[in-house]
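Me: I would like to learn how to read a model of this kind, one feature at a time. Please give the general idea first and then the case at hand.

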Amino acid sequence: MIPNKWLTVKLPFHIMPFLSLMLVLLITLSFSGLAQAASPSEAKVAGFASTAYWDAISKGESGRTQSQANEAGQLINVQGEEWRHWRNQWITPAGAYALGGTLAVLLIFYLLVGQNKLDSARTGNTIERWKRFDRAMHWTVATLFIILAISGLSLLYGKFFLRDALGASLWGNYATLCKLAHNYLGPLFVLGLLLMIVKWMKHNVFNRTDLTWFLQGGGMVGKAHPSAGYMNGGEKAWFWVLTLVGIVVCASGLVMDFPNFGQYRETMQLANLIHGGASLLLIAASFGHIYIGTAGTEGALEGMKTGYVDETWAKQHHDQWYDEVKKSDR
Amino acid sequence: MARMKFLCDSKRCIECNGCVTACKNENEVEWGIQRRRVVTINDGDPGETSISVACMHCSDAPCMAVCPTDVFYQTEDGIVLHNKDGCIGCGYCLFACPFGAPQFPSDAAFGERGKMDKCTFCAGGPEEDNSPEEKAKYGSNRIAEGKLPLCAEMCSTKALLAGDASEVSDIFRERVIYRGHNDGAWAQNQAEPQPEADLAYDVTQPKV
């Protein structure tokens, strides 16, 4: 059986700026009438001893063997090089740019706009926003997320600088710790995330208020404070990113975490690419969530820390929810 | 500087699995792991062909490129070795390797694969040459003794060749020329049936 080949892209991620430059140049040239008919110079690979036999083997043909190892009958795993290329030339650099870029944007935003302060003084009266169970769940999932992110990033990027910084022996132990933490805490994170999704989904249905909220940029810049219920548009967006991307990360992670089911290399290569890409996206998005929840908004962390928020904060950020609470109090 | 390579002459391999046994015995390989295997294509059919395969000690080794802990290294002779102390058993080398060379003693839940094991070209590991530690982790270090890998040395039909790439290809080229085959020794060309005399290099006959 000859397996299907993946889409072959032999260009590294760093070719992107060059490609976009070429595209701009091409468009400019075609508009100025200088473009010439491109001659298709397909590099025809001269077949070296290209018999059907060798051809089949290099495409992944399997035979019979005494070895009991998984997929031992396949002489050449054609997917491996594709996986290596996608992982090393695309996921690795693109992830670094995504994380670094997000951090840079947040830093610039903080320096330019600064913290979203409370407009009026605190009243001293507080409203309960998060129950003990909600807070315990949030911090459990958050702690697991951070451990998984650090261990995962260490395994993807650590070899470029941590190995030299720590020395081979310490690095070996640290990497083992990262892998064990990742593999054993991962399934716990899956459970925590699923519970969180189920518990909080009812708060996160989008409505018309959220549309206005988004159109006004969530009141991140300027004095305006768009209306919001218990959860604002941004919080709902983060919930759904975490839900959808998170489930993808969890599912692909479980595929790799349980090789005891004998899944093929091809399955695990694909799972690895999906897991890497999706989790890097999620980590970058989490930077935004962490920023807004801590340094970005005055009084936001109190809600998740103590469970209670000041009335001034509630009125400013979640006016509709504040009104509801006040109405039911009466 | 030598550039070590394996080459398996598919016209000579008779699927005796002698190389597999030699490797397993010489290196005291862990239970459940087979560093070398023989794969037979078209088994039982006309055109049946066997190839012995293990780590091919790639110049641009994919395992080295994807290892998260960077435990692989290449010797001056181009042999790809790894340091088991740093191996975390993630399995990435197995995903990347075209030849299925990296093997793991286990594939238990939570990614408990154990430390990767693969063909060392009988060159041991980073420990002191032929020390008990090296022997226990990686098996024999015949290269340090000036010997070639035992699988190739014991091959009964001399199908499996090991050694400096230029030497190996010289031997193979001689066979190809003697066979007078259009496609070299790789071919099973059904369209052009070859005369019986071309099937193997007969040492008893004088060279042409």
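Me: What should I know about the source and the numbering before starting?

Reply: This is a predicted model, in which local features need pLDDT of at least 70 and side-chain atom pairs count only at pLDDT 80 or more, while totals for chains, interfaces and linings use all residues. Residues are numbered from 1 along each chain as its sequence is written, and chains are lettered from A and ligands numbered from 1 in the order in which they are written.

Me: Which scores does the model carry, and what is the mean pLDDT of chain B?

Reply: pLDDT is the predictor's confidence in each residue, from 0 to 100. Chain B has a mean of 88, and 86% of its residues reach 70 or more. The model as a whole scores ipTM 0.84 and pTM 0.85.

Me: How many helices and strands does chain B have?

Reply: Helices (H or I, at least four residues) and strands (E, at least two) are DSSP runs, numbered from the N terminus. Chain B has six helices and six strands, in the order β-α-β-β-α-β-β-α-α-α-β-α from the N terminus on.

Me: Why is β1(B) described as largely enclosed?

Reply: A residue is buried if 20 or more other C-beta atoms lie within 10 Å of its own, exposed if 12 or fewer, and partly exposed in between, with C-beta atoms placed from the backbone. Strand β1 (residues 4–8) of chain B has four of its five residues buried, so it is largely enclosed by the rest of the structure. Over chain B, buried residues make up 45% of the 208 residues.

Me: Which strand pairs with β1(B) over five bridges?

Reply: Two strands pair if DSSP finds at least two bridges between them. The partner of β1(B) is strand β6 (residues 160–164) of chain B, in the antiparallel sense. Within this pair, L7(B) stands opposite L161(B).

Me: Which residues have the most contacts inside the largest nonpolar core?

Reply: A nonpolar core is a set of buried Ala, Val, Leu, Ile, Met, Phe, Trp, Tyr and Cys residues joined through C-beta atoms within 7 Å. The largest one has 65 residues, and those with the most contacts inside it are C63(B), C93(B), A96(B), C151(B) and L160(B). Its largest share, five residues, comes from α3(B).

Me: What does A96(B) touch?

Reply: Two residues are in contact if their C-beta atoms, placed from the backbone, lie within 7 Å. Not counting residues up to four places away in sequence, A96(B) touches residues of both chains, including G80(A), W83(A), P62(B) and C63(B).

Me: How many residues of each chain are in contact across the interface?

Reply: 47 residues of chain A are in contact with 42 residues of chain B. On the chain A side, the largest share, eight residues, comes from α5(A). Strands also meet here: β1(A) and strand β2 (residues 37–41) of chain B pair in the antiparallel sense over two bridges, with R64(A) opposite T40(B).

Me: Are E28(B) and F121(B) buried or exposed, and what is the phi of each?

Reply: Most residues other than glycine have a negative phi. E28(B) has a positive phi near 45 degrees and is found in the loop between α1 (18–27) and β2 of chain B. E28(B) is exposed, with 11 other C-beta atoms within 10 Å. F121(B) has a positive phi of about 60 degrees and lies in the loop between α3 (92–96) and α4 (132–138) of chain B. F121(B) is buried, with 28 other C-beta atoms within 10 Å.
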